[in-house]
Each structure stands twice: as structure tokens, then as C-alpha cells.
Amino acid sequence: MSRRIRQSASTATGAFCLAVLATPAHAQSPAHDFDIPRESLSKALRDYGQASGRQLIFTENLVAQRTAPAVKGRLAADDALRLLLRDSGLTFQQTRAGAVMIVRVPAGPEPAGAAEPPAEASVDVGELVVTARKREERLRDIPTAATALGAEQLRDIGGVANTQSLLANVPGVNFANTSNAVTSEVSIRGSGTSRATAAESGVGLYRNGVYLGGGYQGGRTFAKSDFFDVQGIEVLRGVQGALNGRNSVGGSVNIVSARPAHDRETGFVSAEIGDHKRWEGALVINQPLTDTLALRVGVSEMRQTEGYFYAPARGEYFDAESSDIYRVQLGYERGPASANILVEHGADLLPGLRFSFHSRPGQSPIYPKGAFDDKYDISWNAPFSAKMRTNYFEFVGGYDLGGATVTMTSSLRERHSQNAFDADAKSPQFAAQAVAQGLAASLAAQGDVNLEGLALDFSRIMFSDIHIAGAKAGRWTWLAGAEIYDLNDTAKIILTKTPMGTTQASLSRGTVQAFRIDFTSWAAYASVGYDVSEALNLIAEGRYTHDDKGIDSAQFDFGTGLPSGVGFTFRDGKKSGNISYTVTASYKVRDWLAYAKVGTAYRAGGFNLGLGDPRAPVQLPAVFSDEVTTSYEIGAKGNLHRQVFINAAAYWAEVDDLLVQTSNGCFVGSPVCPVQQTLFVYNAGKAELSGIEIEATGRANIAGGVARLTAGVSRQWGKVVSGPDKGKKGPQRPDWTATFNLNYRRPVSATLTGFINLKGALRKGGVQEIAQTPPLEDFEIYDLRTGVRTDNWEAAIYVNNFANESYIVFQAATSRRWNAPQSYGAQVTYRW
């Protein structure tokens with residue numbers, strides 16, 4: 001991004017912030033002229049919404065068989081609503097974005113021994129409020145497949161520690177686990193994955209509506225700090241290109257951070273201990289400062305000094321880790337204006353990239369009888385570590401104009417990441433043992449066993465969005481906005497070797513590839529909705545996006561600093577424009593919503609970082625084009641019973657220029673190119689994807705307690721239909737995924753409630769690579785958590801992967817990576 005654009009964005013942010021802070025206070029809501037006759041409460045609330053310009057959120061079941069009194073004259077909006085709800089047993093709450101939610105009047109104090117109110121007690125199952133379409137709406141009113149986790153549900157499962165833990169609650173999602181948090185990534189509905197390349201994610205990654213993705217390392221997943229002190233999580237499945245923009249071809253994930261509360265002093269402190277010398281502590285304090293200002297401060301610290309995966313040659317654990325998170329927020333609310341400033345720093349030592357050497361008999365002439373490492377004791381002698389450090393600054397401001405709400409979001413995110421690894425996956429001890437056991441002819445035949453690799457990356461992402469959402473006017477709703485995204489990414493890939501690895505033809509001790517990626521993207525978008533009738537609604541959404549991406553790359557000799565290699569020193573650029581749209585028709589019958597939609601989205605193209613080893617059997621293309629997806633979806637959501645909410649969808653998608661990752665054909669032990677593989681991305685042609693998803697949430701009173709079950713299942717099909725890979729399945733697309741989350745609470749005394757939470761994630765079928773081998777490993781993972789709580793205290797014990805399921809998360813020609821075994825611990829939390 002140019003300096004002029006940066007200055008303009010900064011000036012606009014500052015001007016908006018000053019405008020918000022200078023807003024006068026309003027003692028009460030604005031007055032309007034009302035002429036509402038005595039009628040059903042449902043009809044009266046709709047008439048009220050049209051007269052006041054307010055967006056109301058309520059369910060038909062909630063207001064059914066209730067009659068509202070006549071309300072006439074010029075009244076304050078709040079006073080008129082109170083009159084309508086008088087003697088109904090209902091009241092209202094205002095959300096941060098200015099929408100008004102109708103809820104039941106909270107019950108009085110419960111008798112001793114009464115069960116705790118169910119999760120989200122003030123609303124029915126499926127009533128969570130989300131911001132999926134850049135305005136606050138009930139989950140059940142959004143005509144798309146979506147999963148939302150509220151604060152109470154997150155509390156029940158003990159919070160979310162990482163991306164994999166989050167997505168274990170969502171059907172149709174696959175976590176492409178590379179055993180390393182920096183390079184792992186998310187796939188929804190078969191969206192492509194491209195680990196260890198410079199390709200973009202196939203899923204939109206958002207936090208508080210801010211797009212976080214992009215960059216060589218760490219740009220296809222979330223950081224640990226993103227999961228700290230979370231208010232809610234929203235996952236949309238299917239193309240979201242019209243409003244969410246680039247890279248939302250499979251869907252989008254939005255993590256909503258808890259904001260400062262202005263009406264009360266609140267917070268929590270928690271402590272956790274676990275196996276392998278693990279401890280974690282967190283403290284969050286929320287303090288109103290004045291009538292208009294509130295402060296929220298949070299700190300989280302974690303240490304684990306041991307683990308499951310061990311390197312005897314170094315005396316170190318691969319999965320030792322630590323984390324430090326510091327966050328400060330200042331919130332402002334005055335009349336129709338609101339603003340929030342967030343400053344955050346996170347520093348993580350993450351489980352290192354790990355894989356054990358595994359060569360099958362007859363696979364390699366170097367090890368004709370085969371040779372392999374233990375899956376937990378791994379023969380690495382080179383340094384290994386994964387680190388990520390983030391600095392995050394965010395400003396969100398809003399202003400209620402009466403008939404519309406303006407929201408502006410600006411952010412700066414800096415991400416430093418590092419991956420160190422053993423490039424040959426062997427140690428001198430392993431090589432000597434292979435010779436002693438007759439598995440290899442000699443030490444020399446095994447090549448250099450001291451190859452090291454280090455990947456360093458620094459990304460700076462600036463993002464700004466401003467949009468205006470109109471209140472419902474008659475039959476119409478509308479929204480318009482614009483955004484700009486700017487990524488500057490600098491990275492180095494360092495590969496070194498010892499004199500043993502040199503030859504007369506090549507005395508080089510290694511290489512250093514340095515590159516810079518600049519990506520500037522701006523977009524304008526809009527949405528228009530029209531109620532054809534009380535039941536039938538039409539929505540059209542559209543976005544134009546312009547991308548400008550460039551790369552500068554060079555490779556040098558590690559020892560001399562002179563240019564080295566062929567195909568690594570280059571400069572390239574690409575510009576492209578994209579129009580994405582979504583058209584949706586939805587029909588509501590009581591509390592059921594049926595919909596049909598067609599939409600498009602794109603995944604931005606880019607550059608491969610070089611041609612890899614010149615001995616590689618497969619040559620790499622320098623540039624790959626945008627991937628464009630057109631999706632057709634039908635679905636329905638509603639209550640089978642007041643306490644059973646169903647969300648079902650079926651989809652079919654056409655993908656042009658499908659982006660696929662593959663290898664250059666090198667591997668340790670190869671007689672042609674005996675080094676670790678180089679991964680790259682190419683356009684494979686057209687593909688067709690389809691699937692069915694069903695998700696259900698139910699709640700029931702059982703044996704004096706309250707049980708809540710959420711379960712989902714997804715079946716996916718798909719294949720490439722043109723090009724050299726015609727007929728092949730797309731990689732990282734399981735045939736089946738299923739999830740469930742069961743929570744049960746029951747009082748055990750007048751002040752104490754016991755609880756148990758069981759969640760599971762299952763995967764079956766699919767292939768890891770476009771070559772159709774190896775297959776994705778099936779798995780069933782179950783986590784268990786149980787404990788007791790009072791109004792303020794909670795104590796729990798947990799066992800993750802309590803069945804101790806073991807499966808391969810990733811495998812290459814001569815390497816395997818395994819999942820983490822069972823772990824356990826205890827947590828204590830105090831809330832006020």
C-alpha cells in the first residue's frame with residue numbers, strides 16, 4: 001500500500017474516532033409518532049419497528065397468542081415498546097449494534113436446590129444473535145448453513161484452546177493438521193488446503209469482523225491469542241464471497257472477543273494444571289470507569305516443559321510449549337455512539353514441526369529392507385521449534401443515525417513466525433544403527449544426516465472496513481460498505497548442511513531464499529433485501545474486489561552470500577478484479593425458515609516461491625490463477641419442538657481453476673532428489689463438489705437436571721472433472737465428518753451444581769493428496785470434562801482424547817506425523 005493510502009486510512013480512522021467521542025449524550029431514546037391499534041403482539045411489534053426504524057429480534061413462538069394494547073401518540077421509542085409489552089411477561093434488551101431483542105422477563109430467585117437455568121435461558125434453542133451478514137440477527141433468521149457457539153457453550157466445554165478444538169464442534173469442517181500450529185489450516189466443504197506454500201486460505205478467517213488471513217506462515221489459521229476471552233464464535237458454511245470477500249470459498253469463521261461491559265464490574269480468574277508439567281493461568285478484569293467509559297484488561301500465561309514427542313539426540317520435547325497474552329480494551333458508549341479500542345500482544349512457543357522417518361521395504365535403494373523411527377522417540381539432531389508472536393491493534397466505532405447504523409473497523413496486525421526443522425529427519429545415531437542392523441550399506445550411502453531448515457516470516461496486515469446498515473423501512477432492508485486490505489510479508493527459508501553433504505561439484509554449505517510479498521486489495525459491497533410478503537423474502541448481495549499482488553524473490557549461498565540456484569531469483573506481479581454475488585430466496589412459516597441460494601466466491605491466486613531443487617522430478621509453475629466457485633444451496637432450519645432446533649442444508653458447487661497442492665517429487669532416500677519435498681500450488685482445472693449437512697440442538701430436563709445436545713453430520717462428494725487430474729478426488733476432503741457436544745447439569749446441593757460435558761469428532765474417508773495417496777486416516781476423538789460450580793466458582797477435571805486414539809495426521813514418502821495422545825488436567829475458575 002502506498003504511503004498516501006496509509007495516511008488517508010489513518011486520517012479517516014482518526015476523524016471517525018473523534019466524531020464518535022464528541023457525540024452528545026441522550027437521556028432517552030428518540031421520540032416517534034405511533035398509531036398502533038390493539039392487535040396481536042406479533043403484528044404490533046412489526047408496526048412498531050416500521051414506525052421507530054428499529055430492528056427487532058424475536059421469535060413467533062415467543063409472542064404467539066399474546067395481544068398488545070393500542071399505543072398512540074408521540075412517545076419515546078423505549079416507552080412505546082414498554083407499553084406494547086406490558087403484562088406480556090416479556091421485556092427487551094438492546095444489542096451493541098442497536099438492534100432490540102425481545103426476551104422473557106428473568107425469573108425471580110429460584111428455590112433452594114433448583115437447577116441452574118439452561119444455557120441462554122432468556123431465549124429458545126437456536127436464538128443466538130450473530131453478525132454473519134454485518135448486522136445483528138438471530139441465528140435462525142440467517143438463510144445459510146451456520147454454527148454459533150455462545151459464551152455459555154464455550155464455558156461448558158472449558159473454552160477453546162486452538163483452531164482444531166474450535167472446529168471439533170462444527171460439521172463439514174476438516175482441520176488439515178500438519179502437527180504444527182503455524183502451518184496447519186482449515187477446510188470447510190472441501191475448500192482447498194495449501195500448507196507450507198504462499199497460497200491463500202480457502203476459508204475466510206475473521207476476528208471481530210477483521211480479516212486476519214494472508215502471509216507465508218501462520219496466515220491460514222488463528223493465533224492462540226485470538227481464542228483468549230472470547231464472547232462467541234460464528235462459522236458460516238458455503239461461499240461467502242458477496243459480503244465477506246476474498247478466500248471465503250468454503251465458508252468463514254469469525255471469533256468475537258468479549259467487549260468491555262459498561263453496566264457492571266465483572267471478570268474472572270482461572271488456573272489449570274495438567275500432565276507433562278503443564279500449568280496455565282488467566283485473569284480478566286472488567287471495570288466501568290465513568291458513565292461512558294469501561295476498561296477490560298486480560299492476561300494469560302501458560303507453560304508446558306515436557307510432552308509426548310521426544311528427540312533423544314537433543315534431550316528435548318517437540319511439544320513443549322508456552323504462551324504469554326496481554327490485552328487491554330477501552331470501550332465508549334454515549335447515546336447513539338459507541339467505540340472500542342483494543343491493544344494486544346501474544347508470544348507463543350508452539351509444538352514444533354515433527355515427523356518420524358519411515359521408509360517401507362523396497363521403497364528406497366538406500367534402505368532396501370526398510371527403516372523407520374519410533375512415532376514418539378524421533379531421531380532428530382537439528383534444532384526444532386515453532387514460534388509465533390503477534391501484535392494486534394483494533395478500533396471499532398459505531399453510530400446510530402436513527403434509520404441506519406454506521407460501523408467502522410480498522411486494525412493493524414503484526415505476525416512473526418518461525419519454524420525450525422531437521423531437513424533429513426535423521427541423526428548420526430540413527431544412521432549408525434541402520435548400518436549396524438544391516439538396513440543401510442554405509443554411513444556415506446545415507447547422505448548428510450545434519451541437514452537443517454529454518455523458515456522465518458514477518459507479516460504486517462492493515463485492514464479497514466466501513467459500512468452502513470439501514471433499519472428496516474417498510475419491506476426493504478439494505479447495507480453498503482467498502483474495505484481495504486494491505487499485506488506486506490517478508491520471509492526467509494534457510495537450508496544448511498555440513499561438509500559431509502558437500503561434493504566437488506557443489507561445495508555450498510546451504511542456501512538462503514529471501515522473498516517479499518505485497519498484496520493490496522480493495523472492495524465495495526452492498527446488500528438489498530425485500531419482503532415480498534410476510535413469509536417470502538428476497539436478498540441480493542454483491543461485491544467488486546480489486547487485487548494487486550507482487551513478489552520479489554532471491555536466493556543466496558549460505559556461506560558466500562553470492563546468488564545461488566536456478567529459478568529462485570525473480571520478480572513477478574498480477575492484478576485481477578472479481579465480482580462475487582449471492583441471491584437468496586427464503587420462506588418463513590412460523591419458526592421454520594426454508595431457503596434457496598446461488599452465490600460465488602474466489603480464492604486469490606499468487607506465486608510459488610521457487611522451482612525447488614533442480615533435481616526434482618516435477619517442475620513448478622511460477623504463477624497460479626484465482627480459483628472461482630459457484631455454489632447452489634437449499635436448506636431449512638427451525639424447531640421440531642420448542643427445545644429441538646434443526647439446521648439442514650444440501651449444496652452443489654462448481655469450481656473453476658481449482659487450486660491444488662502437490663510435491664516436486666523429492667524425498668529423503670530418493671536416488672534422484674534425496675531431500676525433503678518442496679510443496680507447490682497449481683490450477684488443476686474444473687471440479688464439482690456436493691454435500692449434505694444436518695445439525696441439531698436439543699435440550700431436555702432429565703433426572704432433575706438439564707441436558708443439552710448438539711450433534712452434526714456431513715457427507716461430502718467431489719472430484720476433478722477436467723485437466724490432467726480428471727476423475728480424482730480433491731485432497732483433504734473427508735467423505736464423512738460428524739461432531740457432537742453433550743452437556744448435563746444437575747444440582748447436588750442448595751448451592752452446588754454438578755456438570756459433565758462430552759464432545760466428540762469423527763472423520764471417515766478421503767485422500768490426503770491429489771495423487772490419491774495416502775488415504776486420510778479415519779479417527780474418533782472424544783473429550784470429557786466434569787466438575788461442580790456455584791454462582792461464582794467452578795472446578796473441573798478433563799481428559800482430552802480419553803480413548804487414546806492414535807492416527808497419522810500427515811504422511812509423505814518417507815515420513816509420518818502422529819496426533820497427540822491422551823492428556824488430562826484440572827481447572828479452577830472464579831467469576832464475579
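I looked up Lys 277 and found a salt bridge with Glu 306, the closest N and O atoms being 3.2 Å apart. I take a salt bridge as a side-chain nitrogen of Lys or Arg within 4 Å of a carboxyl oxygen of Asp or Glu. Lys 277 sits in the loop between β17 (266–274) and β18 (278–288), and Glu 306 in the loop between β19 (293–304) and β20 (310–311), so the pair ties together parts 29 residues apart in sequence. Strands here are DSSP runs (E, at least two residues), numbered from the N terminus. Lys 277 is exposed at 56% relative accessible area, and Glu 306 is partly exposed at 24%. My cut-offs are under 20% for buried, over 50% for exposed and partly exposed in between (1.4 Å probe, protein chains only).

I note that this is a predicted model, where local features need pLDDT of at least 70, side-chain atom pairs count only at pLDDT 80 or more, and totals for chains, interfaces and linings use all residues. Residues are numbered from 1 along each chain as its sequence is written, and side-chain values use heavy atoms, with hydrogens and water left out.

Next I checked Glu 693, which meets Arg 189 in a salt bridge (2.9 Å, N to O). Glu 693 is in strand β40 (residues 687–702) and Arg 189 in the loop between β12 (185–188) and β13 (204–207), 504 residues apart. Glu 693 is buried at 1%, and Arg 189 is buried at 6%.

I also looked up Asp 141, whose side chain meets that of Arg 138 in a salt bridge (2.7 Å, N to O). Asp 141 is partly exposed at 22%, whereas Arg 138 is buried at 4%.

Last, I found Arg 155, Asp 156, Arg 745, Arg 785, Arg 789 and Glu 794 linked in a network of salt bridges. I logged a count of 44 salt bridges.

Conventions: Helices (H or I, at least four residues) and strands (E, at least two) are DSSP runs, numbered from the N terminus.
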